[in-house]
Amino acid sequence: MVQKYQSPVRVYKFPFEMVMAAYEKRFPTCPLIPVFLGSEVLSESASADGSTHVIERSCKLSVDAPRLLKKIAGVECVFFIQKNTLSWRDRTLLIEAHNETFASRVTVLETCSYSVHPDNESWTCFEQCASLDIKSFFGFENTVEKIAMKQYTANIKRGKEVIEYYLSELMSEGITEIPRWVPPAERSSPSKAASPPAAPSCCPAARAELRLDLPAEWRVQLTDKLDADYIERYLGRLTPMQESCLIQLRGWLQETHKIPKDEHILRFLRARDFHIEKAKEMLCQSLTWRKQFQVDYILETWKPPSGLEEYYAGGWHHHDREGRPLYVLRLGQMDTKGLVKALGEEALLRQVLSINEEGQKRCEENTKIFGRPITSWTCLVDLEGLNMRHLWRPGVKALLRIIEVVEANYPETLGRLLIVRAPRVFPVLWTLVSPFINENTRQKFLVYSGNNYQGSGGLIDYIDKEIIPDFLGGDCLCQVPEGGQVPKSYYLTEELENLDHIRLWAETIYQSAQVSKGAPHEIMIEIVESSSVITWDFDILKGDMVFNIFHSKRTPQAVKREVSSSVPAVNNEQLIDRSWVLGVDYSIVESPLTCREGESIQGSHITRWPGIYILQWRACGPTHARVDEVLSSLQGSAPKCKVMYYTEVLASHDFRGSMTSLESCHSRFSQISVTTTSSSQSQDGSLISR
């Protein structure tokens, strides 16, 4: 298996020319990197004008491996060939390296680059990527892989320290500025010679202004690459391989989905122990879920129903000793059975999701307040009053569903769970729910029975004394509702309680449709003015489909085909009449797009004419039929595909501000939006469209 590494962008707050001078001081040997035993120049060349310098070296490295492995391999050191291409004109250095030793058994490729910072030309950026592919190594492939990656990652951050060391050495020698390269013709020009160099580093005032620390929002805009300082400041200290996993997964998401926040990606990586493929699968499922249920808008759209705010005994209360937002839940005082019977399972789930979304928002705020990464929150649960009523099975079932949803979509958001005044009935509840809680999450639980939460070893170790709630013996007045019995007058009627239409996200702006073979789903869009922009954003939830967009010269009459499903879906409508002739009654305005199950598709079309446009999804047969599809076909029912979609018509000047904005306004299909709008723009676009 090929191991890959991708570093974040590391920034030296020095001009490119100074960094290059420091880099050259590493050769031919570098005592600061013990494994680097020395180097020898194999070839060297320069362009006629001196703007480009190419040098090839053979580098000798020691091997930190067990003696037995060295004896079997028959080597004490390995050799790498390094090619450096330095462009003084472009102010870039490209470093390409590969192993010469054991090249037929092991392939090591490394690419590094130094370049000028895109927003501050007095700073220099450094990037690094590498791959390791062990084909065979005397039966010690796994051992060699571990040794190689351990040694490689151990020296990655050391490289930055080495450059900084030699920069300090240059300045101690009185070298604080190196002029930029200029073409020979300009060097001989008297007018040029009389004027100061163009580099901003020659002007102290300009240099001081350019070297001001820039805001965090800028640091992540290095052509959509992550900056190492940003990672440490806002995400916390990560190992080189953890940084690499974050950058690789983020890059993959950039090509397939809207990029979530880096903190969000990192949570899923941590939940899967930085296994990229497992984290990718978990995150993609969650992103589809968030889009399907419009979770990004829950804080703006969720309005708790009557009775929930009064009888749901939970709320935010300051923060713990580590700066994590603190949520207090008086579960023992809550009438969970009454809440479920009065509000339904979906309302409670929405309430919990809004709490989780608010928790992430507060974490971001506390990160700025405390000046260090705050990535999780603390929950304080008071179980005083917990009894068998809380173990009502429909209520437990609702709790288990909530836990399942939270575990799948909010991993690593809970920093600590403090359970106090746990009664004797608590172990029964714990037995029911603990199997559904992730092992990493369970390790964050601290349970106190009786009054042993007081004093040393109790809450005081995690929460400042000044903010311990009054109902737990503290001096801080806690505004969390006291809960209490929900009046039966609030209960849903038995008829409503049992109906399946009490569903989550009834007001979602996305629609869903089921599509069978021979029965496409089509929607009609009327365009009043040409040059309008039709945008679409849909997910293929089941099956494979072909997506088309047509322009019609006739006004279609919808033929509805009712689709039965346990999940609400719009009626399947067919607009294009069988008697219509393609090219006469209607025409294709975009090439058909085949979409596979699980894909997220965004696209746009600039209309050339006013009139009727038809968006169509039709089923296409899979290469290999699945067992359930074969069975359903034997039973006489055709397999159904399912799509969730959203469309919007925009004026040309509003196109980039829409939630379904794409990389350009060219008329074409685009599966992925390379550039994404900000979350605020996305929200504004969707609200206006509704």
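Reader: Which residue forms a salt bridge with R57, and how far apart are the closest N and O atoms?

Author: Let's start with the idea: a salt bridge is a side-chain nitrogen of Lys or Arg within 4 Å of a carboxyl oxygen of Asp or Glu. Here R57 pairs with E24, and their closest N and O atoms are 3.3 Å apart. R57 belongs to strand β4 (residues 52-62) and E24 to helix α1 (residues 16-24), so this pair ties together parts that lie 33 residues apart in sequence. Helices (H or I, at least four residues) and strands (E, at least two) are DSSP runs, numbered from the N terminus.

Reader: What kind of model am I looking at, and how are its residues numbered?

Author: This is a predicted model, in which local features need pLDDT of at least 70 and side-chain atom pairs count only at pLDDT 80 or more, while totals for chains, interfaces and linings use all residues. Residues are numbered from 1 along each chain as its sequence is written, and side-chain values use heavy atoms, with hydrogens and water left out.

Reader: What does the salt bridge between R416 and E322 link?

Author: The N-to-O distance in that salt bridge is 3.3 Å. The pair links distant parts of the chain, 94 residues apart: R416 is in strand β12 (residues 414-422), and E322 is in the loop between β9 (314-319) and β10 (325-329). R416 is buried at 15% relative accessibility, whereas E322 is partly exposed at 37%. Salt bridges that share partners join D320, E322, R324 and R416 into one network.

Reader: Which side chain does a polar contact join to that of D320?

Author: A polar contact is a pair of N or O atoms within 3.5 Å; within protein, one must be able to donate a hydrogen and the other to accept it, and residues adjacent in sequence count only if both atoms are side-chain atoms. The partner of D320 here is T378, with a contact of 2.7 Å between the side chains. You will find T378 in strand β11 (residues 377-382), where T378 is buried, with a relative accessible area of 1%.

Reader: How should I read backbone angles?

Author: Most residues other than glycine have a negative phi, and most peptide bonds are trans. Now look at R91, whose phi is positive, near 60°. R91 sits in the loop between β5 (77-87) and β6 (92-99) and is buried at 8% relative accessibility. F102 also has a positive phi, near 55°, and its place is in the loop between β6 and β7 (106-117).

Reader: Where is the residue P28, and what kind of peptide bond joins F27 and P28?

Author: P28 is in the loop between α1 and β3 (36-46). The bond joining F27 and P28 is cis, with omega of about 5°.

Reader: How far apart in space are A422 and G450?

Author: Their C-alpha atoms are 6.6 Å apart, although 28 residues separate them in sequence. A422 lies in strand β12 and counts as buried, at 10% relative accessibility. S531 is in the loop between β15 (521-527) and β16 (533-542) and is partly exposed, with a relative accessible area of 39%.

Methods. Buried means under 20% relative accessible area, exposed over 50%, partly exposed in between (1.4 Å probe, protein chains only).
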